[in-house]
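Here's a quick briefing to go with the model you have open. Take a look at it first, then we'll walk through charges and a couple of individual residues.

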Amino acid sequence: MSGFDDPGIYYSDSFGGDASVDEGQVRKSQLQKRFKEFLRQYRVGTDRTGFTFKYRDELKRHYNLSQYWVEVEMEDLASFDEDLADYLYKQPAEHLQLLEEAAKEVADEVTRPRPSGEETLQDIQVMLRSDANAANIRSLKSDQMSHLVKIPGIVIAATPVRAKATRIAIQCRSCRNTISNIAVRPGLEGYALPRKCNTEQAGRPKCPLDPYFIMPDKCKCVDFQVLKLQESPDAVPHGEMPRHLQLYCDRYLCDKVVPGNRVTIMGIYSIKKSTQSKSRSRDNVGVGIRSAYIRVVGIQVDMEGSGHSFAGSVTPQEEEELRRLAAMPNIYETIAKSIAPSIYGSTDIKKAIACLLFGGSRKRLPDGLTRRGDINLLMLGDPGTAKSQLLKFVEKCSPIGVYTSGKGSSAAGLTASVIRDPSSRSFFMEGGAMVLADGGVVCIDEFDKMREDDRVAIHEAMEQQTISIAKAGITTTLNSRCSVLAAANSVFGRWDETKGEENIDFMPTILSRFDMIFIVKDEHNEERDMTLAKHVMSLHVSALTQTQAVEGEIELNKLKKLISFCRTKCGPRLSAAAAEKLKNRYVLMRSGTRQHEQESDRRSSIPITVRQLEAVVRIAESLGKMKLQPFATEADVEEALRLFQVSTLDAAMSGSLSGAEGFTTQEDQEMLSRIEKQLKRRFAIGSQVSEHSIVQDFMRQKYPEHAIYKVLQLMMRRGEIQHRMQRKVLYRIK
């Protein structure tokens, strides 16, 4: 008879709503529990080797550093529970929120007891990453909507970081009734304020329509930033424009990337209301049309692309390896060899480029002035001497490299431009190539084709390393601490030996800003041509087959790391003995050029000034930097002077030399032109004369024989006369 006097319990369920809502809540809390288990129990390693709780430890470490985020690998989640990962892929918006709640609870458990003053628990941001294959911007169609997608691309623009409310409080205008803690959905979706105020109070008129306004000081906000992603250039089909996509980042994802980085984005493909045009059309055609954007939940920055330095990412093992590399006795030769190994010869230019990549040391003087530490280099020369290829290589292997061409770049594009922001109608500034390459190298090809007024814009950037602007009410100074590597042809296309000075079209003002000026001539020399042809053929035959680096060269990635490591870690100075030696040599250099100018009776257009002395100092410092030494020794100064000798001094001397031996003075030039005039008078266009008789004639007039042959050769090169009949007869064309 047990339980006989047990009365039944009657209850009425007046609190819970519909059962269906309840089920949804239950499912959510179950999923949250599963997520929490995942974060608490996921472990890496085996029982034998000892395992670590990956996410628990990470949460604790980050929380104690007051970095409230954790990065979750989708693969880990899938191996823990396949369904959870699937839910997260299919409906990321709801489940990511559950995951963040779970992370918050786990963080609460692992960080107890918290110190006083920090009892309140912070929200944790969960970032996702995955090793899945990335999709393409073009493959995002409507069926991907509100799924998790992974997309590669280049960030081309970033807005400043702004604040967005996550919880808002609103107040009624008339009856002062406040509603607080309204959740706003994340992303670029807005929140529609309620139209009616629903507090009924006796003896008071009803509140009007749209009575609510937001109380800004009672809102909780997070940072957000809008980026613009462009698909990577190699994925664009032929003849199409690259597509763009808007990205929305919030909290710790802000300021993770700068424009120019190559990134891979994990995000939720979402939609927002497309902004309606000003003129409201009668028939609402665009009523259901939404524009797409991606709400980012994870960013990986690809390190391979240009525009990103390795400085922060050197592990201790790598550092040891780099230091061992820099301590090798012949490191200078090795680096010079590994610069553009596919280009044969031109060793001195490669050595100079190695110096340019490492750079000297920037000095701050006590009175606030700075002396630049970057080396600028100009290559002048014939077409077909691999100048542009060297430039392209430098852009690849310098930590930050920008490549522009002379004709296609204007002064504003190189320095900075002032743009009007279309939405707010205010002016803002956008840095050009020299500002973007701050801390790197700007390669300017076709330097001679630049317009004169655009070239002047570079002057300040090259010597003072700042760019000052006063336009449209904006007056600022931007930093541009970058080296300039320029390539140019001479005026006549090819280097004309007889014209001497006229080959160089630049003003002395800009030439003195270059530390080294190389004149690259395409000489005819049979054995060099043989080896060169052999080298080029071997490149074409075994282009892809030869993957491993040749012995005695450093491969590109390691070279890049070495360069940025040396640039950040080392700033050598000249030693006293080296400085003394350099002083004496500089005085000799000046007197040498002065003597040269007196002999040739004209000023050289490549000047030797104090800037050139500083140039030698910088080259010597960069040689010390390659070896990671604190001081530049006498040997470094020797090598720097040698480099300077083969580049700038030779260029300064060769300018006024008219090519062949002995024709340096003004009189010889006059004599040559006199012979030429007489020759032209001697036979008309379209007639032919025997060469022997002409030479005999001029010899009788006491002209030296080699001068006559020189003039004939010159006229032939210009295409004014031709040889006929086994080179015995001269025929005049024009």
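With which residue does Arg129 form a salt bridge whose closest N and O atoms are 3.8 Å apart? That's Glu73. Keep in mind that this is a predicted model. The structure holds 24 salt bridges, and a few are picked out below.

**Salt bridges around Arg129**
- Arg129 sits in strand E4 and Glu73 in strand E3, so to speak a link between distant parts of the chain, 56 residues apart.
- Arg129 also pairs up with Glu71, at 3.9 Å from N to O.
- Arg129 counts as partly exposed because its relative accessibility is 24%.

**A bridge within a helix**
- Lys583 and Glu580 form a salt bridge of 3.5 Å, N to O.
- Both belong to helix H16 (residues 576–600), three residues apart, or about one turn of the helix.
- Lys583 is partly exposed at 47% relative accessible area, and Glu580 is partly exposed at 41%.

**Negative patch**
- Asp522, Glu523, Glu526, Glu527 and Asp529 gather on the surface as a patch of negative charge.
- Glu523 is found in the loop between strand E23 (516–520) and helix H14 (526–541).

**Two single residues**
- Tyr709 is in helix H21 (residues 705–717) and touches Glu691 and Val695, leaving aside residues up to four places away in sequence.

Definitions and conventions
Residues are numbered from 1 along each chain as its sequence is written. This is a predicted model: local features need pLDDT of at least 70, side-chain atom pairs count only at pLDDT 80 or more; totals for chains, interfaces and linings use all residues. Side-chain values use heavy atoms; hydrogens and water are left out. Helices (H or I, at least four residues) and strands (E, at least two) are DSSP runs, numbered from the N terminus. Contact means heavy atoms within 4.5 Å. Patches are made of residues with over 30% relative accessible area and no salt bridge: like charges are joined within 9 Å, nonpolar side chains (Val, Leu, Ile, Met, Phe, Trp, Tyr) within 5 Å. Accessible areas come from the Shrake-Rupley method with a 1.4 Å probe; for residues, only the protein chains shown count as cover. A salt bridge is a side-chain nitrogen of Lys or Arg within 4 Å of a carboxyl oxygen of Asp or Glu. Lys and Arg count as positive and Asp and Glu as negative; His and the chain ends are not counted. The place of a charge is taken as NZ of Lys, CZ of Arg, CG of Asp or CD of Glu. Buried means under 20% relative accessible area, exposed over 50%, partly exposed in between (1.4 Å probe, protein chains only).
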